[in-house]
Amino acid sequence: MAAGASLHDACLATLPTLRGTFGLAAISPLEPEKLVIARRGSPIMVAEVAGGWIVASDRAPFAGHAESCLSLHDHELALLEPGSMKVNSPTGGSLARGLVAVGIDLADTTPGSFPNFMAKEIHEQPLAIRRCLAGRLVADQIHSAGMRTIDEAIGTPERIVITGCGSAWHAGLIGAQMIESLAGIPTEVHVASELRHREIPVSPGTLCVAVSQSGETADTLEAMRELARQGATTFGVVNVVASALAQDTDAGMYLHAGPEVGVASTKAFTAQIAALALMAASLSPAGAKRTEFLRSLANLPDAMARAVETETAVRRVAERLAGEENWLFLGRGINWPVALEGALKLKEISYRHAEGLPAAEVKHGPLALVRPGLPVVLVAPSDHTAEKMLGTIAEVKARGAHTVVITDGVEPRLTRGADDVILLPAVHRLLSPLVTTIPLQWLSYHTARILGHDVDRPRNLAKSVTVE
Ligand code: G6P
């Protein structure tokens with residue numbers, strides 16, 4: 001590059017030589033009125049405000065300052081000058097890019113009357129689900145532009161591959177069970193980082209569903225892109241508007257859960273389940289089964305509000321058990337992923353070792369860990385798995401475990417002899433994760449608070465993991 005090149009040309013020439021992920025803003029003392037921004041793997045966005053520009057890696061700083069913003073794509077470069085913004089493709093050609101609404105209120109950027117964001121976001125779940133369903137579920141009918149796009153592109157998918165990381169993977173495991181039960185479409189779920197190491201057969205009828213709160217998780221993006229390269233149609237279930245995943249998929253459904261600030265996912269997780277429930281119903285044939293499911297889904301926010309009220313009862317459990325270093329979480333069927341999620345939350349926020357397992361697997365090894373006093377949390381609604389859960393409860397109880405049973409009270413035998421019982425409203429079998437998850441969020445929350453941890457910013461973790 002010739003000496004004396006402009007800031008813009010210098011960046012254009014240098015960017016292809018950079019390695020790794022970044023969102024960058026470059027300035028030069030020679031051109032103090034100019035700013036160049038670019039991204040690869042990490043978000044960077046810009047909004048115009050009176051007297052200049054705000055550049056950020058998230059939309060939250062724009063709240064109260066700007067109505068709309070531009071979210072850059074990977075490899076693009078934008079040159080900002082007073083009153084003008086030019087977006088260039090990686091080769092320097094100019095691009096016309098639309099702005100997106102900031103969509104964040106100032107109130108979203110503080111915990112308000114709550115002690116922290118996690119408490120606020122747990123409380124917000126009924127509202128988040130209402131927002132996710134609003135306009136999409138009307139009088140037992142589903143209206144989703146994303147699902148219409150899929151229908152036009154491939155009709156009914158032959159096969160669905162769901163992918164995501166962390167809580168999003170757990171939501172995918174739940175969504176797959178809903179899709180198979182309602183729509184009868186073979187559905188598999190893979191942790192995104194592992195999906196890339198497999199050689200999954202992909203046909204033109206394969207639909208890849210990538211689930212992500214941030215829409216920026218590197219492993220999820222790469223797994224989705226790999227299946228797209230092989231010919232799959234891609235669908236994003238994403239919270240953050242205009243994120244990389246939202247931009248790169250063929251179609252999608254935004255969660256509309258509102259900004260999630262706490263590092264450990266709460267309201268985005270339940271909104272992901274609700275969005276996947278809509279997808280499952282949308283793919284299923286019309287009939288009584290679908291109508292019953294959709295009516296139950298419409299009523300779910302009320303049941304979730306009652307689940308949020310379990311806080312005091314759960315806090316008492318946390319007070320008794322916070323000193324325990326090791327925990328087991330067990331569930332069956334649609335609540336097996338909820339057991340995984342309960343264990344993940346406890347690890348993330350409370351720094352306690354916890355394992356989530358399909359309940360029957362406990363006898364294939366982990367039973368050796370069960371000793372008097374070990375906390376075993378059993379997610380056990382009164383569904384077709386209840387009879388088998390009774391056996392699991394008896395098994396761990398016989399070894400002296402401290403049992404915490406999360407149930408709905410319809411099958412009274414599930415609560416007999418339990419050390420602690422958390423009672424929830426009874427809901428549709430396939431939708432129970434939307435309520436059973438909530439006391440588990442409170443359990444990790446209160447355990448962490450008792451132990452003095454920062455629930456919003458747990459050690460070593462990031463809200464959005466943009467490295468592979
Ligand atoms: C991080 C967060 C988790 C989240 C996961 C996936 O590890 O701490 O709470 O579940 O990323 O994030 P995503 O934004 O893709 O849903």
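Predicted model: local features only at pLDDT ≥ 70, side-chain atom pairs only at ≥ 80, totals over all residues.
Local features need pLDDT of at least 70 and side-chain atom pairs count only at pLDDT 80 or more, while totals for chains, interfaces and linings use all residues. Residues are numbered from 1 along each chain as its sequence is written, and side-chain values use heavy atoms, with hydrogens and water left out.

Salt bridges come first. A salt bridge is a side-chain nitrogen of Lys or Arg within 4 Å of a carboxyl oxygen of Asp or Glu, and by this rule the count comes to 24. One of them joins the side chains of R39 and E216, at 3.0 Å from N to O. R39 lies in strand β2 (residues 35-40) and E216 in the loop between β14 (206-212) and α7 (218-229), so this pair ties together parts that are 177 residues apart in sequence. Helices (H or I, at least four residues) and strands (E, at least two) are DSSP runs, numbered from the N terminus. R39 is buried at a relative accessible area of 2%, and E216 is buried at 4%. Here buried means under 20% relative accessible area, exposed over 50%, and partly exposed in between, with a 1.4 Å probe and protein chains only. Through shared partners, salt bridges join R39, D74 and E216 into one network.

Another salt bridge links E188 and R159, whose closest N and O atoms are 2.9 Å apart. E188 belongs to strand β13 (residues 187-191) and R159 to strand β12 (residues 159-164), so the pair connects parts 29 residues apart in sequence. E188 is partly exposed, with 24% relative accessibility, whereas R159 is buried, with 18%.

E311 is buried yet has no salt bridge, and the nearest side chain of opposite charge, R315, is 4.8 Å away. For charge, Lys and Arg count as positive and Asp and Glu as negative; His and the chain ends are not counted. Neighbours within four places in sequence aside, E311 is in contact (heavy atoms within 4.5 Å) with H123, W442, Y445 and H446.

Rings of Phe, Tyr and Trp (its six-membered ring) pair if their centres lie within 6.5 Å; planes under 30 degrees apart count as stacked, over 60 as edge-to-face and the rest as tilted. Both residues lie in helix α14 (residues 433-451), 3 residues apart, about one turn of the helix, and both are buried. The count of aromatic pairs comes to 2. In the pair W327 and F329, the ring centres are 6.2 Å apart and the planes at 15°, so the pair is stacked.

The structure holds 0 disulfides, a disulfide being a pair of cysteine sulfur atoms within 2.5 Å. For C132, the nearest cysteine sulfur is that of C208, 19 Å away. C132 is buried, at a relative accessible area of 0%.

T392 is found in helix α13 (residues 386-398) and is buried, at 2%. Leaving out residues up to four places away in sequence, T392 touches L330, R332, A359, V362 and L378.
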